[in-house]
Every structure is written in structure tokens, then in C-alpha cells.
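Here is a short tour of some strands and helices. Please keep the model open beside the text as you read.

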Amino acid sequence: MIPRTGRWANWLALGATLAALFAGLLVRDGVLSEAVYYEDPSAGIAALRPAEWLVDREGDYVFRLRDPAGRPFKTTLQVAVMTIGPDAAGRNVLDALTLQRSARLSGYRVLSIHDEGITTGGAVAEMRYAYVESEPAPFLETLPVVVVGVDVVFFKSNQAIIASYIARADEFDRYYFHFERFLRSLRF
Amino acid sequence: MRLARRLLLLFIILSGMAPALGQEEEQPSAAGQRAAVFLMQVYANQVISCVGEGTLVSPDGLILTNAHSAQSTERCRADAIVVALTIDEGEPPVPVYFADVVIIDRRLDLAVLRITQHLDGRRVQPNELILPFVELGDSNALALGDPVQVAGYPGIDNAAVETRAGTVSAFLSETGTGSRAWIKIDASIPGAMSGSGAYNTEGQLVGVPTIAPFSRAGQAVDCRVIQDTNGDGLIDTRDACVPIGGFISAMRPARLARPLVRAAQLGLRPGESRADRLPDTASTEPTGEPAFSRLFFAPSVNEAGQPTTVLAAASTGTERLYLFFDYVNMTESTVYELRTTIDGMPDSRFSLPPTTWSGGERGMWYVGIEGQVLSEGQYECQLFIEGQPAGKPARIEVGGTPQQPAMFTDLVFGMEGGGAGNLVGSGHVLPSGLSVVNAQFVYQNVSAELPWGARWYYEGAELSGARVEGPWTDPPGSGVKQVRIASEEGMRPGMYRLELYLGNRLAATGDFVIAGGHVGTGAAIFGPVTFSDATDAAGQADGTVGTNFPQSTERLYAFFDYQNMPPGVFWTQRWRIDEEIILDLRQPWSGPLNGSTWFISLDAGVSAGRLPDGTYQVELLVNRERVQTATATLGEGALKQSAVRSRGVRMMGEIVDAETGKGIPGALFVVLRAEFSVEDFLWDNEQILASSAADQRGHFEVPVQLAPDAYYSVVISAEGYLPVTADGIFVTEDTPDPLVMRLEMNRD
């Protein structure tokens with residue numbers, strides 16, 4: 001028979017453990033979703049980015065942020081710039097992206113294009129698309145994954161700024177908040 | 001209870017189908033909106049040089065469009081044509097496929113493309129596509145005032161497909177095409193919609209709205225800069241722009257597109273010809289500036305496309321009026337335009353929007369308005385080349401009581417020997433070597449001593465010593481008169497013209513061709529036709545030669561000799577299969593004056609692989625006169641039923657949750673083979689005709705066409721929902737295509 005004080009101690013220990021667990025989860029989520037400002041001085045573009053994501057600037061984009069823990073596809077936030085003419089519309093930019101990507105992405109397919117009702121302020125067009133990402137190394141036994149992306153296009157002078165979020169189809173919604181925060185904070 | 005549920009579900013499905021079955025009529029152009037495609041001519045993979053529109057005219061991806069939207073030119077550089085489709089209503093089109101040109105008619109500015117590749121380069125497999133399409137309607141049945149709807153994309157911006165309504169305001173005729181060469185519509189249609197589709201009240205395609213973007217001093221007018229085309233990171237004058245161009249007020253009737261579409265459906269196209277093997281030096285571009293001259297009006301046109309007389313004025317009640325003019329130095333890339341005013345006010349009916357030239361380098365052309373009482377007033381017709389006025393305008397007064405002026409009409413040409421002073425010969429094509437050519441015309445209300453004259457021309461230059469001038473000495477009043485031109489060494493082959501004057505006024509004129517050898521009363525221009533299925537390196541008939549060819553024939557060549565055929569004279573090759581015209585190609589003669597074994601050919605396109613069985617007839621025409629014809633048979637000598645288009649009905653729609661109205665992704669729509677009912681269905685694949693899984697929005701599309709005159713059963717199933725089934729869905733020839741359904745499912 002455990003004395004009453006002992007029972008209280010057990011309950012207290014259990015509660016403290018749960019509280020610690022809960023606090024740990026909060027801290028973990030906080031760390032994972034922690035955002036810091038990133039600014040690319042050469043392009044004059046800045047936005048809040050996930051703190052733990054890796055930055056690179058080596059491709060056909062201004063910068064790209066990728067979740068290093070992503071397997072087998074690294075969830076990506078990206079900003080690219082395209083020179084456009086004075087008569088260009090958002091759709092023309094998206095058409096050009098589609099033509100480029102169709103030639104290099106497997107199974108590339110546009111899911112939808114919107115130019116109205118875009119919640120992001122200042123955006124002129126938005127496109128959702130999907131493609132199949134395969135491991136390029138033929139010796140690794142990996143399944144291709146379906147990737148979904150969304151491009152949001154902004155115009156600034158004779159440039160189109162294309163903010164993109166690309167994620168595995170089954171994780172697209174889970175990390176979408178990163179993109180929403182990214183767009184809300186985007187300055188150019 | 002179970003029976004009640006089935007009945008309820010049957011009610012649901014039938015009520016869902018009701019709108020598609022016509023209880024709520026959709027817009028006539030709704031099918032046209034689904035079949036509309038946006039075309040982009042691109043080079044270097046992504047640079048858009050020109051845009052156009054088209055309409056899917058078959059489920060397997062044939063697209064009817066303008067020729068100028070399909071061919072690569074200096075202005076519209078293209079190494080690929082991208083096809084963009086509307087994948088979601090209300091959204092701009094999305095690039096999905098590449099298309100190749102199947103057949104093109106520059107004269108009509110029409111072309112048929114075929115979707116051949118996905119954007120990632122994968123080839124489209126036979127029977128892979130089942131796209132929304134429209135059928136060609138009877139454009140001849142259109143009458144003045146009939147409503148039409150044009151479905152297309154109004155711009156290259158973010159615009160979604162839309163419909164513009166208008167009415168038929170006039171019918172225009174022109175050289176080479178004849179009556180109803182153009183249908184005028186009074187609607188405000190943006191130039192970007194050129195090549196799209198115009199629909200009658202039955203939703204059939206009756207016309208192709210057409211306008212050619214033109215340039216001024218080499219720079220396209222209304223040209224949109226949308227890309228950094230040279231990739232230097234700057235937008236400047238070195239970047240190419242995408243021409244759009246004006247507003248459309250005219251369309252090519254579907255009647256003219258039908259042979260092209262038919263040829264494309266059969267996988268046929270014009271093949272190699274002798275002209276393709278001539279050295280490049282044989283075809284030279286004109287060096288001078290294009291120009292129009294000698295504008296005049298005529299009340300009617302004869303069978304050779306010549307004016308019956310020259311009008312000085314037209315009376316009240318005039319129902320047709322033709323503007324004739326001469327042209328020089330024109331090319332296939334020249335864009336011309338006709339603008340007409342009545343008492344100074346623009347009149348869109350007797351005007352022609354910027355149009356690609358199709359009449360060769362030089363000659364006489366006409367544009368006429370037919371089939372309606374013309375408004376009274378002073379008509380002023382001004383021609384334009386590349387947006388700039390070309391020559392002086394022509395003016396004519398329409399109105400007032402009919403006058404009885406002196407006039408010359410009905411000019412024909414021929415040889416003496418018809419008895420009773422009549423002429424023999426075809427009227428506008430005469431054999432070479434004649435020592436005398438006579439012209440016969442009717443004169444009316446000519447008074448004695450009235451000054452008149454006749455001038456003869458050869459290849460544009462007046463023949464010296466042939467001019468007639470003086471007072472009228474024949475019996476006054478009305479009658480028939482002849483004038484003649486003689487040549488001791490015989491008439492040389494070429495284009496001739498006679499102008500008749502009353503005073504200083506041109507009263508009648510006519511062109512005729514002298515060509516070929518003299519046989520009987522006619523001109524033997526082209527010799528008998530020989531067919532073969534191959535040529536050798538020298539361009540001689542090779543392979544099987546004769547009139548019967550096996551089923552595997554890929555090309556059919558027609559060889560013929562020619563004599564005294566003047567270069568530049570228009571001739572036509574017309575191919576028929578089982579009496580149906582599938583190719584009508586009018587072009588200037590590009591060969592030398594005399595020669596043997598000129599050849600033309602019909603080619604099975606890559607997709608078809610071989611020519612279809614049938615009775616093939618080739619006709620050769622000069623100046624609209626048939627001068628040679630021959631027939632050959634392939635295979636069984638008649639088109640097989642499979643090649644004759646059979647109409648099927650496509651089934652598509654959306655499957656939604658009855659409570660929320662949201663689409664049910666993954667819901668399965670199954671159509672059973674006609675011999676099975678729902679009761680028989682055991683989820684055996686052999687019982688299934690086709691099935692379709694709904695996409696993320698609940699949209700489905702059955703990937704086969706349902707043959708008419710049969711009953712079908714359907715089963716719709718989705719996880720967590722009560723299945724929906726229905727028997728006895730009867731598809732007929734009159735069932736709307738596509739059969740669009742909205743199906744509601746209840747939670748289990």
C-alpha cells in the first residue's frame with residue numbers, strides 16, 4: 001500500500017514528465033519552425049526563411065532554401081528572376097517556365113493557373129504543378145516521388161520575381177506554412 | 001428498401017444527366033470553348049515568336065487554324081508549335097503538347113495541325129488522345145443576320161477562353177475562291193483570336209476568324225514585347241515582339257476548310273513535285289515594291305473570274321459589287337487590306353481586314369460583296385499594303401434610278417470559225433500559235449460616232465500597232481461586236497489583256513491566257529497523266545507505273561508533259577478521293593515553257609503511313625478551265641468504312657458529394673459493354689468498356705467514344721459512398737457530344 005503522499009509524488013512525477021514532454025515538443029517545433037531573415041543583397045530580395053534550411057545560390061535562381069532533413073526529396077523554397085517585356089502578363093512567365101521545365105522534369109504537369117483571387121499581395125499569377133523526381137544515381141534503390149510545386153509571380157519593373165515552394169505531394173500541405181510566411185515577408 | 005435505394009440513385013443519375021441531355025441548353029459555342037486551343041510558335045525551346053489560335057476538329061488531336069499561325073517565317077520564326085489547352089474553366093490555357101503541320105493552304109490562310117508530342121518530348125501514341133472537338137458545319141447555310149459566336153482567347157495575357165457574339169453582315173467573294181470567300185461578321189473580335197472558331201446556333205464550326213498581323217517598315221504593328229528573347233538580360237529594340245494585330249471582322253468559311261480537314265483525317269498531304277527539284281534560281285522574289293493600280297468596279301464576274309463590264313455608277317437596289325485591281329511585286333508574306341467608306345463613314349461590310357496575300361506576284365484580282373442590297377451613297381475603296389495606303393482609292397456612286405449608259409459587256413475571246421460570226425474556243429484559254437485572236441463583246445446604248453477604243457496588252461505591255469481608236473461606226477444601239485489581234489508569226493504563249501474604252505472611260509476589260517498546242521478548238525497544255533508510286537533520281541516515274549496500286553502505297557505521283565505553259569500563269573491541281581475533293585492547290589506555274597514529265601504527288605503523312613484505299617482522281621486546271629484529268633485506284637478502290645469518319649459520343653463530367661458539393665477524388669466511373677447490365681456486373685474487366693477515375697476536383701472523362709444506337713450501363717463507386725448505378729443510357733446520333741454529367745453521391 002502506497003501512502004497518500006507517495007501517490008501524490010507519483011502523480012506529480014507523471015505530470016512533470018508530461019509537462020516536460022510538452023515543453024520539449026514546443027521547443028522542438030519552435031526550433032524547427034524558427035525563422036530568420038535572409039537577404040540577398042545582389043538581387044535586393046529578402047524574406048523570412050526557416051532557420052535550419054540550407055541556402056544555395058548556384059542554380060538558375062537567385063537563392064534556394066532546402067530542408068536538409070527532407071528524404072527522399074528536400075522540401076524547397078526558391079526565388080528566381082526572369083527579365084520580361086513591358087507587355088508581359090503573369091501567364092507569359094508561367095508559360096515560359098512550363099516550356100523550360102517540361103524539357104527537364106519527368107512527367108511535368110500543370111495542375112492549375114490562377115490570376116485572380118491570389119491571396120498574396122502584389123502577385124500577378126500563381127501556378128501549381130507536379131512532376132516526378134527520381135534519384136539520378138542508377139545504383140540506388142529508390143522509388144520515384146511525386147513532387148508538387150507552386151509558383152507565385154510578382155512583377156517589378158522589367159523583372160518577374162518567381163517565388164516557388166516545392167515539396168513531396170504527401171508533405172506539401174504540412175510545410176506550406178513556411179511558404180506562406182516566406183511570401184508574407186518577401187521584400188524586393 | 002434496396003430497390004428503393006436503387007430507384008433513388010437512378011433518379012439521381014438521371015437528374016444529373018438532364019442538363020447534358022438538353023433540358024437546359026448550353027451555349028452553342030460551349031463545345032467550341034472546350035475545343036479551343038492557344039498556339040505558340042517558339043524557337044530555342046522557349047522564345048515565343050508568334051501566337052495564334054485553333055480549334056480541335058478531331059478527338060485524336062487535329063487542329064484547324066490559320067496558315068500564318070503554323071508556318072515558320074522570317075517574322076514568325078518557329079522550330080516548334082506549342083499547343084495550350086484550357087484545363088480549368090476560367091483559367092488561361094496551359095501549354096501541354098507540341099503539334100506538327102499536316103497540311104497548309106497559304107491561299108486561304110488555313111492549316112491543319114496534328115498534336116504529335118507531349119511537352120517533355122514523348123510521342124503521342126495512336127489512340128492515346130481523346131480530346132474535346134467540334135464538327136464542321138455547313139457554312140453555306142449561313143444567311144445575312146444569322147447569329148454566330150466566336151470562341152477563343154482574347155489575348156496573350158491571363159485571359160481565359162471566352163465567347164464573342166455577332167451576326168453575319170456580308171459575304172465577300174474574291175479571285176480564286178469565288179463566292180463566299182469571306183464571311184463578314186459585325187462583332188468586336190480581338191486580333192489574337194485569329195484562327196479560332198466561329199459557331200452557328202447548333203454549335204457547329206462554320207468559320208475561322210482570320211486576320212494577318214502586318215508590319216510597317218519591317219516592324220510588326222501592335223506587337224507585344226513579353227520576353228528577353230536574346231537573353232542579354234535587357235529589354236530593348238533587339239528583343240523580338242509578338243505581333244497581335246487589330247480586330248477581326250471576317251472569317252474563312254468552314255466550306256473552304258473541309259477539304260483540308262478531310263485530307264488531314266485521311267493522313268494525306270501534297271507531296272513532292274517537280275518544282276521542288278528545280279534549282280533555287282528558278283524562283284525569284286520580286287525586286288520592286290508591291291503596288292496596286294487600275295482600280296475599277298464591276299457588277300458581276302464571269303466564269304473565268306473576269307469582270308463582265310466596268311461600272312461608272314450603280315443604281316438603287318444593286319445587290320453585288322466587285323472591286324477589281326491590278327497588282328505587282330506581291331509575295332506570300334505581303335499583307336493587304338481593303339477599307340471602304342460610304343459617304344465618308346467606314347463600312348465594315350465591304351472591307352477586308354489585313355489578309356495574307358495569295359494571288360502570286362502579279363495579275364488582276366477582285367474582292368466583291370454579294371447577296372444584299374447595297375446602301376446608297378458614294379463608295380470609296382482604299383487598298384492598303386502593310387498598313388499603308390496603296391494607290392488611289394476607287395469611288396462609285398450607288399443609288400438613283402437605273403441609267404441606260406453606253407456600255408460594253410460580256411467580253412470573251414476565241415477563234416474564228418464558229419459559223420454565223422460566232423467564236424470557237426474556251427473563252428479565256430486559247431492555244432498558242434494562232435495567227436488571229438478575236439474578242440467578242442456586247443454593246444448597249446452606243447450612239448453613232450461615239451468615240452471608243454481597244455488596247456491589247458501582252459505580259460503587261462501594250463502591243464504596238466494593235467490599238468483601235470475612233471468614232472463608233474457599227475450600227476448604233478445594241479448588238480454584238482468583235483475586235484481582233486493578229487500576229488504573222490503566231491501568238492506567243494503568255495498573259496494577254498484587252499481593254500475597251502468608251503471615250504476615255506474604261507468600259508470593259510478581260511485577261512486571257514495563250515498556252516499549249518492547238519488541238520481542235522482547244523489548247524492542249526498538259527499531256528496525258530501517268531501515275532506511279534515512286535520517282536527516280538532524275539524525276540522519272542519509277543516503281544509501279546499504271547492506274548492500279550496496292551494497299552501499301554505511300555505516295556502517288558502524277559506525271560504529265562506540258563507545252564507552251566507560260567511561267568507565272570495560275571494553274572490548279574485538284575485531287576479527289578471517291579469524288580470528294582481533298583486537295584485544291586492553285587499556284588503560279590513555276591516550270592519552264594515546255595518540258596516533259598512534270599510531276600505532282602500525294603503523300604501519306606507520317607501518322608498515316610500509307611495512302612487510304614480509294615479511287616483517286618487528279619484534275620489539272622488553267623484559268624479555272626479543266627484541261628486534263630486522270631484516275632487511279634488504290635487497294636479496293638473505295639475508302640474503307642474505318643476511314644469514313646464515324647461519330648461517337650464522349651462522356652465526361654464531375655462526381656461530387658451530395659452534401660458538400662465538393663468533388664470526390666478517385667471516384668470510379670465505369671461504363672459497361674453494351675451487352676451487360678448492372679445486374680450482370682461482377683467487376684470482371686471483360687465486362688467493362690471503359691472506366692475513368694475522378695481527378696482531384698472530381699472531374700472524370702471516359703477515354704473512349706461511345707458508339708451511337710446502343711444502350712449503356714454505368715457504375716459509379718467511391719470509398720465511403722453509396723454506389724450509383726444506371727442501366728439503359730441510350731446514345732444516339734443526336735446525343736450531345738460530349739455528354740456532360742454532374743453526379744452526386746451520398747455518404748454510406
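Contact here means heavy atoms within 4.5 Å, while helices (H or I, at least four residues) and strands (E, at least two) are DSSP runs, numbered from the N terminus. Axes are lines fitted to C-alpha atoms, for helices over the stretch in contact, and angles run from 0 to 180 degrees between N-to-C directions. This is a predicted model, in which local features need pLDDT of at least 70 and side-chain atom pairs count only at pLDDT 80 or more, though totals for chains, interfaces and linings use all residues. Residues are numbered from 1 along each chain as its sequence is written, chains are lettered from A and ligands numbered from 1 in the order in which they are written, and side-chain values use heavy atoms, without hydrogens and water.

Let us begin with chain B, where six strands close into an antiparallel barrel in the order E1-E2-E3-E6-E5-E4; two strands pair if DSSP finds at least two bridges between them. Helix H3 of chain B (residues 254–265) lies across E3, E5 and E6 of that chain, at about 30° to E6(B).

Chain B also has an open, mixed sheet ordered E51-E48-E54. Its edge strands, E51 (699–701) and E54 (739–745), have a single partner each, so one side of each lacks a neighbour in the sheet.

| Strand | Partner | Bridges |
|---|---|---|
| E2(B), residues 47–56 | E3(B), residues 62–65 | three bridges |
| E48(B), residues 651–657 | E51(B) | three bridges |

B:Leu56 has B:Ile63 of E3(B) as its bridge partner, and B:Met652 stands opposite B:Glu701 in E51(B).
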